[in-house]
Amino acid sequence: MTEPLFRWGILSTAKIAREHVMPAIARSETGVIHAIASRDAGRAQAQAARFSAARWYDGYDALLSDPDVDGVYIPLPTAQHVEWAIRAVEAGKHVLCEKPIALKADQIDRVIAARDATGRVVSEAFMVWYHPQWHKVRDLIASGAIGALRQVTGGFSYHNTDPDNMRNRPELGGGALPDIGVYPVVTTLLATGAEMRRAEARIAYSEEFGTDVFARATVGFDGFDLNFHVATQMGAHQSMRFFGETGWIDVLTPFNAGLYGFDEVVLHDQKALSRQVFRFPGVNQYEAQVDTFVRATRGGGEVFPLEMSCRVQEVIDAIYDAGGRQG
C-alpha cells in the first residue's frame with residue numbers, strides 16, 4: 001500500500017528554501033509542501049501560491065499548531081535554529097534544520113535531549129551527506145585506492161558585501177566559518193571517519209560587519225591534516241582534494257553539486273599518468289535529502305545525525321578558539 005505524502009511545513013521564505021529545498025520537496029517522491037509561514041504575510045502567501053501549498057501563516061507558531069503538518073524545514077537565521085528546532089519538536093513535528101544547527105557544539109545537546117524525549121526525527125540539513133559522490137570518496141579511501149591518507153585540502157568562497165544579508169550580521173549568526181567553513185569539515189569527516197586532534201587558524205574579521213570574512217585553518221587528525229580556507233569576500237570557488245601515498249582524489253563539485261560543472265570524482269595514480277573518472281549525472285542532493293528524511297520518519301532511512309553535528313561544530317569551535325574568537 002502506498003504511503004501518504006509527508007506534509008511539510010516551511011518556517012520562513014529564505015533564499016535557500018525558495019531556490020533549493022522547496023523545489024526539491026515539490027519534485028520529491030515522498031512529500032508535499034502543505035504550509036508556509038513567514039513574518040511577512042505577503043511572502044508566505046506568494047510562496048504558498050507558487051508551490052500550491054494548502055495553507056500559509058503569518059508567523060511560525062501558527063504553523064507549528066497546525067495538526068496536519070508532519071514535519072518542518074527550518075531555514076531561519078542561524079542564531080534562531082536551536083530555539084525553533086526545539087519548539088517544533090515539542091509541538092510534535094519532525095525537524096530538518098538548515099546548517100549550522102547551532103553556533104556552539106554544547107548548544108546541540110539541548111536539541112538532542114528534545115529529540116530523545118519526543119522520539120521525533122531531527123537532522124541538520126547537510127545535503128552533501130546524501131550525494132553518492134561522497135560515499136564514493138569514502139569507499140575509495142577505505143579500500144586503499146590512494147594508500148594511506150596524508151593530506152586533505154579544500155576551499156570555499158563567494159563575494160557578498162550586502163549589509164542586510166544575514167551572513168554579514170553577527171547577531172544572526174553570520175560569518176564565513178558558520179556558513180561555509182562547515183563544508184570542508186563535514187565532508188572530511190564523512191570521507192574519513194577520523195577524529196580531530198588539534199586546530200590552528202588565522203581569521204580575519206570585517207571592520208564594517210564584525211563577522212569573520214576569511215579563515216585559513218589546519219585541522220590535525222591521526223595520520224593526516226585538513227588544510228582549508230573560506231571567505232565571504234573573494235571570488236566564487238570551491239574544491240576538495242585528498243592526497244595519499246599512492247594517489248589522490250579530486251572532487252570537482254564538492255559542495256554545490258550540479259552548479260559548478262559535472263558531478264565527478266577523479267582518482268589519480270601516484271605518478272599522475274592515469275586517472276579514473278566517476279560521474280554522477282542527474283543527482284539532486286536536495287531531493288535525496290528530503291526523501292531520505294521522510295523515509296527516516298517512517299523507520300526506513302538514515303539521516304545526518306545530530307551526534308555528527310556535534311563533531312562538526314566542535315571542529316568549528318576549535319578553529320575559532322585557535323584563531324581568536326571575536327565577540
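This is a predicted model: local features need pLDDT of at least 70, side-chain atom pairs count only at pLDDT 80 or more; totals for chains, interfaces and linings use all residues.
Tutor: Residues are numbered from 1 along each chain as its sequence is written, and side-chain values use heavy atoms, with hydrogens and water left out.

Student: What makes β1 and β4 a pair of strands?

Tutor: Strands are DSSP runs of E with at least two residues, helices are runs of H or I with at least four, and both are numbered from the N terminus. Two strands pair if DSSP finds at least two bridges between them. Three bridges join β1 (residues 6–11) to β4 (residues 71–74), so the pair meets the criterion. The two strands run parallel, and Ile 10 stands opposite Tyr 73 in β4.

Student: Which strand is joined to β1 by six bridges?

Tutor: That strand is β2 (residues 31–38), also parallel to β1; here Ile 10 stands opposite Ile 36. The open sheet has six strands in the order β3-β2-β1-β4-β5-β6, with parallel pairing. Its edge strands are β3 (55–58) and β6 (122–125), each pairing on one side only.

Student: Why is Phe 221 called buried?

Tutor: Buried means under 20% relative accessible area, exposed means over 50%, and partly exposed lies in between, with a 1.4 Å probe and protein chains only. Phe 221 has a relative accessible area of 5%, and is therefore buried. This residue belongs to strand β9 (residues 212–221). By the same definition of burial, five of the six residues of β1 are buried.

Student: Which residues are in contact with Phe 221, leaving aside its neighbours within four places in sequence?

Tutor: Contact means heavy atoms within 4.5 Å. Among the residues in contact with Phe 221 are Thr 188, Leu 189, Met 196 and Leu 226. The C-alpha atoms of Phe 221 and Met 196 are separated by 4.9 Å, although the two are 25 residues apart along the chain.

Student: Why are α4 and α5 called roughly parallel?

Tutor: Axes are lines fitted to C-alpha atoms, for helices over the stretch in contact, and angles run from 0 to 180 degrees between N-to-C directions. Angles under 35 degrees count as roughly parallel, over 145 as roughly antiparallel, 65 to 115 as roughly perpendicular, and the rest as oblique. The axes of α4 (residues 81–90) and α5 (residues 108–118) cross at roughly 5° and come within 9 Å; α4 is therefore roughly parallel to α5. Val 82, Ala 85, Ile 86 and Val 89 of α4 make the contact with Arg 110, Val 111, Ala 114, Arg 115 and Thr 118 of α5.
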